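Student: I am new to this structure. Please pick one part and give me a close look at that part, with its links to the rest.

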Amino acid sequence: MIHAAGAVATWALVAALARTEPGTGKICVVDMGSNSFKLILGEMSAGAYLQRHVEKRTMEVGADMSKTGRISEQKLQDIQKTLTDFKSRCDSKGAVGFSAV
């Protein structure tokens, strides 16, 4: 079962892939959930979607929100580091696009 945020990330990945020429490269999308961020790397090949890499990090952004009503400075730094790390991973795997949703 795909949850709503996962469906949005999957839609974003498929939409990004639809805008690229077939066989031109891999696309990365980050599903930024309230508890975890998931990096999804995929590509279209011979008319089919191929998922090449998935990586998940527990972030607990929602915990900050429920405790204080805002995201802490430390958590914002953690988010920035995670997105930077994910972008580097995508670049190293030859991704031609990167989006976070």
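Tutor: Start with how elements are named: helices (H or I, at least four residues) and strands (E, at least two) are DSSP runs, numbered from the N terminus. The part to look at is helix 3, and Lys87 is one of the residues placed there. This is a predicted model, in which local features need pLDDT of at least 70 and side-chain atom pairs count only at pLDDT 80 or more, while totals for chains, interfaces and linings use all residues. Residues are numbered from 1 along each chain as its sequence is written, and side-chain values use heavy atoms, with hydrogens and water left out.

Take the setting next. The chain holds three helices and four strands. Along the sequence, their pattern is α-β-β-β-α-α-β. Helix 3 spans residues 73–92.

How far can the model be trusted here? The guide is pLDDT, the predictor's confidence in each residue, from 0 to 100. Its mean over the chain is 83, and 76% of the residues reach 70 or more. Among the elements of the chain, helix 3 has the highest mean, 95. Helix 1 (residues 4–18) has the lowest, 57. Where pLDDT is low, the predicted coordinates should not be read in detail.

Four strands form an open sheet with the order 3-2-1-4 and mixed pairing. Strand 3 and strand 4 (95–100) are at the edges with a single partner strand each, so one side of each has no neighbour in the sheet. From one strand to the next, the twist averages 20°. Two strands count as a pair if DSSP finds at least two bridges between them. Strand 1 and strand 2 pair in the antiparallel sense over six bridges.

Next, the core. A nonpolar core is a set of buried Ala, Val, Leu, Ile, Met, Phe, Trp, Tyr and Cys residues joined through side-chain atoms within 4.5 Å. Buried means under 20% relative accessible area, exposed over 50%, and partly exposed in between (1.4 Å probe, protein chains only). The largest nonpolar core has eleven residues, among them Ile79, Phe86, Cys90 and Val61. Strand 1 (26–32), strand 2 (36–45) and helix 3 each supply at least two residues of this core. Look at Val61 too. Beyond its neighbours within four places in sequence, Val61 is in contact (heavy atoms within 4.5 Å) with Ser34, Phe37, Ile71, Lys75 and Ile79.

Then the charged links. A salt bridge is a side-chain nitrogen of Lys or Arg within 4 Å of a carboxyl oxygen of Asp or Glu. The whole structure has seven. In one of them, Arg89 meets Glu55 at 2.7 Å, N to O. This pair links distant parts of the chain, with Arg89 in helix 3 and Glu55 in strand 3 (residues 48–58), 34 residues apart. Arg89 is partly exposed at 27% relative accessible area, whereas Glu55 is buried at 16%.

Another salt bridge joins Arg57 and Asp85, with the closest N and O atoms 3.1 Å apart. This pair also links distant parts of the chain: Arg57 is in strand 3 and Asp85 in helix 3, 28 residues apart. Arg57 is partly exposed at 22%. Asp85 is partly exposed as well, at 21%.

Asp85 also forms a salt bridge with Lys81, whose closest N and O atoms are 2.8 Å apart. Lys81 and Asp85 are both in helix 3, four residues apart, about one turn of the helix. Through shared partners, salt bridges join Glu55, Arg57, Lys81, Asp85 and Arg89 into one network.

Finish where we began, at Lys87 in helix 3. Lys87 counts as partly exposed, because its relative accessibility is 34%. The C-alpha atoms of Lys87 and Val29 are 9.5 Å apart, although 58 residues separate them along the chain.

Definitions and conventions:
Axes fitted to C-alpha atoms, helices over the stretch in contact; angles between N-to-C directions.
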